[in-house]
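Subject: Structure handover, salt bridges

Hello,

Please find the structure below, for your files. My notes on its salt bridges follow.

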Amino acid sequence: MKTRSPQAERLALGLIAAAVCQAVAAQEAQDAPENTTPRLPQVTVTAPKATSTVATPAEPQDLPALRAATSDTASLLRDMPGVSLYGAGGVSSLPVIHGLADDRLRIKLEGMDLMAACPNHMNPPLSYIDPSNVGSVQVYAGIAPVSVGGDAIGGAIVVEPLPPVFAAPGTANLTTGQVGTHYRSNGDAAGANLRATYATETFNITYAGSIAQSDNYKAGGDFKNYDATGRPGHTLARDEVGSTAYETRNHELGVAWRGSGQLVEAKLGFQDMPYQLYPNQRMDMLDNTQHRINLRYLGQFDWGALEARAYHEKVDHFMDFGDDKRYWYGTASGGPTAANGNPCSPIGSACAAGMPMYTQSKNTGASIKASIDLGPRDLLRVGGELQNYRLDDWWPPSGGGMWPNTFWNINDGKRDRIGLFGEWERQIDAQWMGLVGARYERVKTDAGSVQGYNMMYNTAAFNASDRSRSDDNWNLAAIARYTPDTTRSVEFGYAFKTRSPNLYERYSWSSMGMAAGMNNFVGDGNGYFGNPNLQHEMAHTFSATFDLHAADREWEFKATPYYSRVNNFIDAVQWSAMGNAPATMPLRNQFVVLRYANQSARLYGLDLSGKMPLAKTDFGRFGLLGLLNYTNGKNRDTDDHLYNIMPLNAKLALTHQYERWSNGLELQMVKRKSQVSDVRNELQTPGYALFNLRSSYRWKNVRVDFGVENLFDKLYYQPLGGAYLGQGTTMSMNKEKAGTTLWGTGVPGMGRSIYAGLTVDF
């Protein structure tokens, strides 16, 4: 368990004090005359027109309540139809759309295509923005138009920060901002955020900063029968979920200029994450820094609109064993059978001090997109983008079997992408809309020669091979929408999408259990290694959305059936202990080594969502919200179930609004997970039902959110949480001794947690 740093405490207390002062000031001004001048005038320059196809937005009024309950930006999507979440670190869960996750989704953050720079994908794109800085979220769960992006076979997620604001014409310069803080009882989690803006009619400068920190959280009951952590004198309670602590700090400074239909923005971003521990990985993130610059131009012309962007990102990432995992290895530390590792020195063949792992990446991209008005009914979107990505992943010698050389997991990795697209949207008549688009991308990957810790690691075949690969990827989308009247519509379409393998899927090379176990995106406890001959994935997807609603949207019901067939789907095969061929007899009930392999897959399912009013009384308005998701995924070559498919799940929420109060009682239900990936020895999880309470109250400039998650402190296991590796001797692939993590334990969800958040606008 981690303890808070004094610097973080001082900053949090300072922001909390500022929030309280602002709250008092706002209360004193409660009876003041209403200011008729808009407080936050919006930018008049807009981006090229977004596609008119159905993308599900996160409701703006829901975002503040969700921000109070989580520091994980991906969790803002948890009430979106078709979306679920892979369990990971406390601020780095991975969104899943219709059974496809991680690199299979097109995730755009502030227009940038970011990639995880880690063999465990501990720093995914959405981990680089704090929930308090999210202005809008769009989810394309069905068919994503080609203008939204390529190099993905699933849906798309577009996250934008709060837009720049300017002083209204003829008014004084604008000084505005927001300060907020939150606390959550489970894990003793706390954080604060600050946003401050100075603006004239043509100039804006804005700073946005946040901190968040948590200790390990507790489950709703004892889920293990041991206390040891691998460190002498350090134990964990049996209901404490080891390696779930985190601390993160985000800063962004932006300037913007506007005039004559033009807008120019420049942003500098910095993230410092001192630690984020992982309950389903053998390693922990013990430092992650990101520096980024993001430049953007928007222009409106008589013929349409133009958007151009250029960005550069540099990530330095470090992993080792955190406080809840064994750090000292080797015979001098007590030997491999000892539950705890005693400190030893000097490092060498008999003494290993941890297992340091470093990753460094550089990501440079640029894009240009134009929306051209061809007439009152026709709109043409054209554009192009390029991305150059560089990655190094190396593990310095630390003793024991990790000695005496530096292990190069990926050396001089390169992934370059260039793409062009065109998309035509036509409003055929008052009832029909059609859209067709095509996108071509060229993806080139390569990597340098590697070396192992010592002569036990055979690198000859990999180093002698030609590792350069090039993919020609096509993406197509055709969508139609029929709207017979103001209460009905149906949108349906087809997409052909292509994705090239990432660098770890192609170039991580060692099949030895210890090294392979450090390469794992999905948290299942297994070890993975790459395959340079992987082909690009190609998905054929059919989807439709039926939308019935009142003319004023007071009630609505949506149904989205979908079907995807994926050729060259990157799945995995168990590998032999000798490391030179697929296993002839699959191993069961243990962790295994797997190699990425192209196979064939199919996925289908159904999303249902809706809302309806129940009553309007003297005590307020009552309503009902509902959501149901079902996904079925199978490997067509092996007839095995695909990994990490969320079982049937549903949510029902009773809502209540009375003047400035907003309240909700939510029931979340998840069916037993019995259809699992046999090749990975995926764990089954029992079904469960959880109750959550939410409430908020809003004054003019002050908002208070509070609630209770998992009201009845239910012990449950996350269906997409993976295998529990949060404490003990995690370097060993399979542990047979008492007092350490064994195969067969899932990661439990959080027990009861009471939370509160305060937000003040000024």
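Is glutamate 666 buried or exposed? Glutamate 666 is buried, with a relative accessible area of 9%; please keep in mind that this is a predicted model. Its side chain meets that of arginine 694 in a salt bridge, at 3.6 Å from N to O. The two residues sit in distant parts of the chain, 28 residues apart: glutamate 666 belongs to strand S31 (residues 661-670) and arginine 694 to strand S32 (residues 688-698).

This pair is one of 46 salt bridges in the structure. Two others involve strand S14.

Because glutamate 252 lies in strand S13 (residues 246-259) and lysine 267 in strand S14 (residues 262-276), the pair ties together parts 15 residues apart in sequence. Glutamate 252 is buried at a relative accessible area of 8%, and lysine 267 is buried at 15%.

The other pair is arginine 296 and glutamate 265, with the closest N and O atoms 2.9 Å apart. Arginine 296 has a relative accessibility of 19% and counts as buried, because the cut-off for buried is under 20%. Glutamate 265 counts as buried too, at 8%.

Finally, there is a network of salt bridges that share partners: Arg106, Lys108, Asp113, Asp151, Glu385, Arg415, Arg417, Arg439 and Glu441 are joined in it.

Regards

Definitions and conventions:
Residues numbered from 1 in each chain as written. Predicted model: local features only at pLDDT ≥ 70, side-chain atom pairs only at ≥ 80, totals over all residues. Heavy atoms only, no water. Salt bridge = Lys/Arg side-chain N within 4 Å of Asp/Glu carboxyl O. Helix = DSSP H or I, 4+ residues; strand = E, 2+ residues; numbered from the N terminus. Buried < 20%, exposed > 50% of the residue type's maximum accessible area, 1.4 Å probe, protein only.
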